[in-house]
Amino acid sequence: MPRVVVDVMLKPEILDPQGQAVANALPRLGVGDVASVRIGRRIEIEFTGEPDLDRAREIADKLLANPVIEDFTVRLVEADETADARS
Amino acid sequence: MTARVGVVTFPGSLDDGDAARAVRIAGAEPVRLWHGDPDLHGVDAVVLPGGFSYGDYLRCGAIARFAPVMETIVDAARGGLPVLGICNGFQILCEAHLLPGALTRNQHLHFRNRDQVLRIESVSTAWTNTFQPGQEVLIPVKNGEGCYVADTATLDQLEAEGRVVARYVGGNPNGSQRDIAAITNAAGNVVGIMPHPEHAVEELTGPSLDGLGFFTSVLKHLVGAPA
C-alpha cells in the first residue's frame with residue numbers, strides 16, 4: 001500500500017540552530033565544502049484505505065507543521081520507498 | 001468571594017504544583033484542572049503551567065493544544081476568560097493560535113536556567129495591572145525552546161498595540177526577537193510569558209517576590225470585571 005510522506009522544514013527565514021550546530025561539526029570530519037545544513041522532519045502516514053492526499057494536507061497543516069515557522073510538502077510514495085521497507 | 005483560579009495538569013506538566021501554590025499565596029483558591037476533562041468547573045481564570053506536556057513530542061505544545069480541556073479554554077479565552085501561559089503554557093497558547101508567533105529552540109542550543117531581570121512594558125493586561133510601567137522584576141527563566149519568533153509585520157503590530165508585556169533586560173537568554181519575554185492578545189486577557197513568575201513568590205524558594213504581582217493582578221482584574 002502506498003504511503004503519504006510529509007516533509008516539514010523550517011521556513012528559510014527562520015534560524016535553524018540545530019542545522020548550524022551540525023554544519024559547525026563537519027570540519028571536524030574533514031569536510032570543508034558544506035555551505036549550510038538545514039534540519040527538518042519526515043513523517044510517513046499509512047491510511048487504512050486508499051491514501052488521501054487532501055486529508056494528509058489537512059493533518060500537516062493542523063498538527064504536523066506549524067505554519068508560523070514551518071513549510072511542508074505532501075507526496076505519495078510506494079511502500080518499498082518507506083522506512084519500513086528499508087529496515 | 002474568593003476568586004477561583006484553575007491550574008491545568010497535562011501529562012508532563014512540571015510546574016502545576018508551584019502555580020497552584022502561587023495562586024494560593026496571592027489569596028485565591030487554586031482549582032486543579034485535568035487535561036482530559038473539558039469542564040472548567042466554574043473557574044474565574046486559568047493558568048497553563050510550565051513543563052513538557054506530551055513529552056514535547058512533535059513541537060512543544062503542539063499536542064496539548066488538542067487536549068479536551070484546551071478546546072473549552074480556547075472558547076472561554078475568546079470570551080474574555082483571563083488565561084496565563086507560563087513557559088510550556090506560552091508555547092501551548094501560540095500553538096492554539098490564542099497568541100501570535102511561535103517559540104523555537106534557543107539560538108545557542110543550551111537550556112538556560114537562571115534568575116532573569118525583566119522590564120514590564122504593558123500594565124493594562126489582566127495579569128500585569130499591579131505593576132508600574134517600566135518596572136524591572138527578577139524572575140527565574142528555565143527553558144530550552146524559549147526563542148520567540150514571528151514575522152516582522154506581527155512584531156511591529158505587537159509593538160504598536162502595546163502588546164509586548166515584558167522584555168529581557170541584561171542579556172537575552174534564548175535569542176528571542178526584540179528581547180520579547182511575554183506578550184498578550186488584543187483584548188489583554190491572554191498573556192504568555194516564558195520566565196516563571198510562580199517560582200518567585202516566596203523568600204525561601206525564589207530570588208524575589210516579584211512573580212506574585214502576576215497573580216495578584218488577575219485578582220484585581222476579576223474584582224473590577226463586570227460579573
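Let's start at B:Cys87, which sits in the loop between β4 and α3 (88-95) of chain B. Keep in mind that we're looking at a predicted model here. So, is B:Cys87 buried or exposed? It's buried, because 28 other C-beta atoms lie within 10 Å, and 20 or more is what it takes to count as buried. If we skip its neighbours within four places in sequence, B:Cys87 is in contact with B:Gly50, B:Asn143, B:Met194 and B:His196.

Hold on to that last name. B:His196 is found in another loop, the one between β11 (190-193) and α5 (212-224) of chain B. B:His196 counts as buried too, because it has 23 C-beta neighbours inside 10 Å. Again leaving out residues within four places in sequence, its contacts include B:Asp15, B:Gly50, B:Ile86 and, of course, B:Cys87. B:Ile139, B:Pro140 and B:Lys142 are also in contact with B:His196.

Why put those two residues side by side? Well, an unreviewed UniProt entry lists B:Cys87, B:His196 and B:Glu198 under "active site". That label comes from the record. How do the three sit in space? They're spread over 112 residues of sequence, yet they cluster, with a largest C-alpha distance of 10.9 Å.

Okay, on to the sheet. In chain B, 9 strands make an open sheet, and the order is β2-β1-β3-β4-β11-β10-β9-β6-β7, with mixed pairing. Which strands are at the edges? Those are β2 (29-34) and β7 (136-143) of chain B, each pairing on one side only. On average, neighbouring strands in this sheet are turned by 25 degrees against each other, ignoring direction.

Let's walk through a few of those strands. Strand β6 (residues 112-120) and strand β9 (residues 164-169) of chain B pair in the antiparallel sense over 4 bridges. There, B:Arg119 stands opposite B:Arg167 in β9(B). Next, β9(B) pairs with β10(B), antiparallel, over 3 bridges, and B:Ala166 faces B:Ala182 in β10(B).

Moving on, β10(B) and β11(B) run antiparallel and are joined by 3 bridges. One pair to look for is B:Thr184 with its bridge partner B:Val191 in β11(B). The hairpin of these two strands has 5 residues between them, and B:Gly188 in that hairpin takes a positive phi near 85 degrees.

What lies across part of this sheet? Helix α1 (residues 16-26) of chain B does: it lies across β1 (4-9), β2, β3 (45-48) and β4 (83-86) of chain B, and it runs at about 175 degrees to β1(B).

Next, the inside. The largest nonpolar core has 76 residues, and B:Val5, B:Val23, B:Val46, B:Val47, B:Leu93 and B:Ile193 have the most contacts inside it. Apart from that core lies another, of 8 residues, among them A:Val4, A:Leu64, A:Ala65 and A:Val74.

And last, where the chains meet. How many residues are in contact there? 9 residues of chain A are in contact with 10 residues of chain B. On the chain A side, helix α1 (residues 17-25) gives the most, with 3 residues. By class, that side has 7 nonpolar, 2 polar and no charged residues. Okay, that's my tour!

Terms used
Residues numbered from 1 in each chain as written. Chains lettered and ligands numbered in written order. Predicted model: local features only at pLDDT ≥ 70, side-chain atom pairs only at ≥ 80, totals over all residues. Core = buried A, V, L, I, M, F, W, Y, C linked by C-beta atoms within 7 Å. Buried ≥ 20, exposed ≤ 12 C-beta atoms within 10 Å, placed from the backbone. Contact = placed C-beta atoms within 7 Å. Nonpolar A, V, L, I, M, F, W, Y, C, P; charged D, E, K, R; others polar. Pairing = 2+ DSSP bridges. Axes fitted to C-alpha atoms, helices over the stretch in contact; angles between N-to-C directions. UniProt positions renumbered as here; feature names shortened; annotations may be inferred.
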